[in-house]
Amino acid sequence: MNNEQLQQIYLVAPETNGTIRMRDDLAKAGYAVPASRTFSDYDTLDDRLYVTAKELEGATFGDDPRTAEDHPFCYVQLKDGRSLYFISVDLDFEVEA
């Protein structure tokens, strides 16, 4: 594989089937992960909300009212209807092969 082919691979995000869940190791430990209805600056979650693995079951990507360039967070819609910003490292995404 040449350099150009490698760059193309890394520039394209994997396709997800839309399912989002808490990272397995965090869920098994019984943790809740931080989330927020809003953010300020580029990288500051405003609220002090914590969401459990149970609450994240059935979550999908939400229709983010902001552009991806505005922030590094994942905008997630929970099955209870809430849409929140999460730190992506706390989440797992089901990827289609």
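Biologist: What makes F93 partly exposed?
Modeller: In this predicted model, F93 has a relative accessible area of 25%. Buried means under 20% and exposed over 50%, so F93 falls in between and counts as partly exposed.

Biologist: And why is F61 called partly exposed?
Modeller: Its relative accessible area is 40%. That value also lies between the 20% and 50% cut-offs, so F61 is partly exposed.

Biologist: Why is the aromatic pair of F61 and F93 called stacked?
Modeller: The ring centres of F61 and F93 are 5.6 Å apart, with 5° between the planes.

Biologist: What makes the pair of F39 and F73 tilted?
Modeller: Here the centres are 5.7 Å apart and the planes stand at 50°. Stacked needs under 30 degrees and edge-to-face over 60, so this pair is tilted. F39 is in strand β3, while F73 is in the loop between β6 and β7.

Biologist: Why does D41 count as exposed?
Modeller: D41 has 66% relative accessibility, and exposed means over 50%, so D41 qualifies. D41 lies in the loop between β3 and β4. D41 also has a positive phi of about 55°, although it is not a glycine.

Technical notes. Residues are numbered from 1 along each chain as its sequence is written. This is a predicted model: local features need pLDDT of at least 70, side-chain atom pairs count only at pLDDT 80 or more; totals for chains, interfaces and linings use all residues. Side-chain values use heavy atoms; hydrogens and water are left out. Rings of Phe, Tyr and Trp (its six-membered ring) pair if their centres lie within 6.5 Å; planes under 30 degrees apart count as stacked, over 60 as edge-to-face and the rest as tilted. Helices (H or I, at least four residues) and strands (E, at least two) are DSSP runs, numbered from the N terminus. Buried means under 20% relative accessible area, exposed over 50%, partly exposed in between (1.4 Å probe, protein chains only).
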